Structure formats: C-alpha cells, structure tokens
Amino acid sequence: MRNPLSEKIVNIAPSGIRRFFDLVSEMDDAISLGVGEPDFDTPWKIREEGIYSLEKGRTFYTSNAGLKELKQEISRYLSRKINVEYDFKDEIIVTVGGSEGIDIALRAMLDKGDEVLIPQPSYVSYLPCTVLADGVPVIIPLQRKNEFKLTVEELEEVVTEKTKILVLPFPNNPTGSIMTKKDLEPIAKFVVEHDLFVLSDEIYSELSYQGDHVSIASFPGMKERTIVINGFSKGFAMTGWRLGYACGPKNIIEQMVKIHQYAIMCAPTNSQYAAVEALKNCEDEVEKMRTAYNQRRRFLVNEFKRMKLDCFEPYGAFYIFPSIKEFGMTSEEFAMKFLEEEKVAVVPGTAFGECGEGFLRISYAYSLEDLKEAIGRLEKFINRLRERTEINA
C-alpha cells in the first residue's frame with residue numbers, strides 16, 4: 001500500500017509535556033506539577049455570561065474574524081494594558097486559543113526557506129508550526145546567566161538575509177523569565193535595523209510580578225512589525241473555552257483571517273460572549289488569581305534557596321525552572337526517577353528545547369497545599385541523591 005502519511009508530519013515529535021501528565025494520571029497518590037493550567041475555576045461572572053448566551057440562543061456563527069463586540073473590547077483592553085491602539089475592524093482576529101494564532105500567523109507570513117528565530121527554552125508549538133509553514137527554525141539557546149532573557153548579542157550571531165520572523169516568548173513558558181522595557185529597547189532597534197517581523201506571544205501578560213507587562217509592539221516603529229498573540233486561557237482561567245486573539249498590521253491579519261476562514265470558520269460563539277464579560281468586568285478576579293500565584297511563586301523560590309537547589313527568581317507566568325545539574329542526571333532521568341520514587345510529575349527541561357537540559361519545569365498553578373506536599377517529596381528525593389553522591393565520592 002502507498003504510504004498515506006506526510007513525511008513532514010511524521011518527523012515532528014509529539015509534545016514532551018503530555019507524556020508525564022499521562023503517566024501521573026495512572027498512578028495513585030501522585031501529584032502532577034506538570035501541566036500549565038490554572039487551578040482556579042473560570043470566574044463566575046464569565047461562566048454566567050456563557051450560560052446566558054446559550055439560554056438566549058446565541059449559538060450561530062459569528063463573523064470569521066470574531067464577534068464585533070469582543071474585538072472592540074480587545075482593542076480597549078490593549079489600549080489600557082500595553083498602550084497600543086488597534087482598529088477592531090481589520091487589525092484583530094479572534095482565534096481558537098493562542099495556539100491557533102501562532103499557527104496561522106506563521107502560515108500567513110512564511111514562504112519556503114524563510115528563517116524564524118526561536119529562543120529556547122520556550123513553548124513547544126513554535127518550532128513545529130514553523131516547520132508546518134515551510135519555514136526554517138533557527139534556535140537561539142537562552143542562558144541561565146542572563147536569567148533566560150534574549151539579548152542582541154545572541155540575535156547578531158544567528159541573523160541572516162533569510163531571517164524574517166523573531167519569536168518573542170515572554171513572559172516565558174517554561175522559565176518564568178520576563179523582558180522589561182530596558183531589555184526590549186535594543187531588541188526593537190535590532191528588529192527595525194534588520195527589517196524583521198516579530199511574533200510576540202503575550203499569553204501570560206496578566207501574570208507578571210515585577211511591574212506591568214511591556215509589549216514590544218508599543219515601541220516606535222514596532223506596531224507595524226509585530227503580531228501580538230494573546231488569549232484568555234491563562235490570565236482568566238479559561239483554558240477549556242478555547243479562545244485567543246491576534247493583533248497586528250491589517251495586511252497580515254487579512255491573510256490570517258483567510259486561513260482561519262477555511263480551517264476553522266470562527267471561534268466558539270458562547271466563549272466569545274463570555275470573553276466580552278471577562279474584559280469588561282473581571283480585572284478584580286484576575287488580580288486575585290495573580291496574587292495567589294505570586295504567593296506560591298515566593299514560596300517556591302524560598303524553598304529552593306533553603307534546599308540549596310539552584311534556581312533564578314522568575315517574574316512571570318506560573319512556572320519555575322530549577323537546575324538539577326548537580327546530580328549528574330539528564331532532565332529526563334531525574335523527572336522519571338522522581339516520579340517513580342516520590343510520585344510527583346514535573347516536566348524535563350528538554351521538552352522545551354535541548355538547551356533546557358539540566359533543568360525542570362515546575363508549574364505552580366496548583367494549590368499551596370499540593371505544592372508543600374510536592375516540595376516535601378522533592379526535598380526527600382534530592383537529599384537521597386546527595387547522600388548517594390557523598391558515599392560514592
């Protein structure tokens with residue numbers, strides 16, 4: 001029989017995140033710190049609006065680009081939050097999660113052979129979506145010594161005449177690193193000088209713990225060069241509602257709408273009505289969730305210091321990225337042994353790129369009680385490893 005499969009698809013590796021999630025789901029008394037999903041219920045006002053939209057029979061297609069009222073609210077929200085003005089009519093598209101926005105932006109912008117600069121460790125979708133769009137992924141290994149921030153020096157080492165897009169994944173999954181205004185200024189200048197475009201994934205923009213989030217789109221000359229990806233999953237605890245959005249220049253958004261039109265039609269209608277309520281009236285609920293995440297973040301940072309486990313302090317998202325290099329094991333080996341011996345699932349750093357070797361991603365989108373129990377088990381585990389090292393020394 002003729003091979004029915006695309007070689008391009010077959011050669012793309014499955015996500016390394018889900019593997020440990022699947023393993024822990026089959027274990028009794030196991031704790032998972034692996035999946036990046038808020039442990040909070042969607043705020044009631046949002047759920048109520050979603051229910052109301054169903055009761056009112058709002059179950060038909062919206063326009064391909066999204067509900068007018070939602071795009072208007074997104075425009076107002078971004079004007080408040082990142083000080084960038086977007087025309088709701090032709091500079092915003094509502095997508096099925098931020099992930100779809102990443103996919104269709106790359107497909108709309110790349111021709112075969114165009115290079116995409118992807119800083120890693122970072123979210124697992126950028127590389128395969130680049131490949132699916134016939135682009136060439138160029139990996140930039142971020143450094144622990146720089147707190148996993150992107151620098152101009154790193155860009156200068158990899159930029160070529162074929163470079164078209166820079167992925168800017170901050171606040172970062174998995175490291176929790178952020179880019180401040182001072183960090184972004186030279187990056188924006190570099191992008192303009194080299195005539196590049198930016199895919200700025202800002203899905204964790206609501207979860208920043210060192211001042212307000214700064215978007216590269218807000219810098220002079222950058223709005224017309226930037227596609228901003230955002231959504232409702234993380235900040236508003238709406239993962240299952242599958243709703244995101246992308247904002248950018250009219251000519252790019254127009255082509256993204258075309259792909260979305262043929263592949264998706266439109267995002268879920270009741271989710272869009274619920275999201276209008278989220279943007280209008282739920283900033284207090286978002287702040288409460290951010291405060292809780294920040295408490296958990298500080299707890300983990302302090303615990304790792306006490307345990308003498310090397311870890312820089314993250315200021316964004318809900319992840320922490322400790323180093324386990326002292327134990328002489330790969331990230332995969334450490335995570336597997338930790339799961340087997342202590343029944344706690346974390347994600348190997350290599351799930352987010354080879355430069356994640358020697359690190360673990362631990363999510364603190366879990367209750368403080370679960371975190372305390374899991375960290376207690378981690379301390380027992382690493383103490384045993386240190387004792388074995390001393391005996392063998």
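Modeller: Let us look at the second largest pocket, whose lining is made up of Y77, L78, K81, I82, S205, E206, S208, G211, D212, H213, N230 and R290. A pocket here is found on a 1 Å grid over the protein atoms alone, as an open set of points where a 1.4 Å probe fits, with protein on both sides within 12 Å along at least five of seven lines, and a lining residue has an atom within 4 Å of a point. This is a predicted model, in which local features need pLDDT of at least 70 and side-chain atom pairs count only at pLDDT 80 or more, while totals for chains, interfaces and linings use all residues. Residues are numbered from 1 along each chain as its sequence is written, and side-chain values use heavy atoms, with hydrogens and water left out.

The second largest pocket has a volume of about 180 Å³, a volume being the space filled by probe spheres set on the grid points, which are joined across faces, edges and corners. Its lining divides into three nonpolar, five polar and four charged residues, where Ala, Val, Leu, Ile, Met, Phe, Trp, Tyr, Cys and Pro count as nonpolar, Asp, Glu, Lys and Arg as charged, and the others, Gly among them, as polar.

Helix α4, residues 68-81, gives the most to this lining, with three residues; helices are DSSP runs of H or I with at least four residues, strands are runs of E with at least two, and both are numbered from the N terminus. From its first C-alpha to its last, α4 reaches 20 Å over its 14 residues, close to the 20 Å expected at 1.5 Å a residue, the expected span being 1.5 Å times one less than the number of residues.

The buried residues of α4 are L70, K71, E73, I74, S75, Y77 and L78, with buried meaning under 20% relative accessible area for a 1.4 Å probe and protein chains only. The buried residues of α4 pack against β2 (92-95), β8 (244-247) and α10 (269-281), contact being counted for heavy atoms within 4.5 Å. Just after α4, N83 takes a positive phi of about 60 degrees.

For context, the largest pocket has a volume of about 1000 Å³.

Terms used. Buried means under 20% relative accessible area, exposed over 50%, partly exposed in between (1.4 Å probe, protein chains only).
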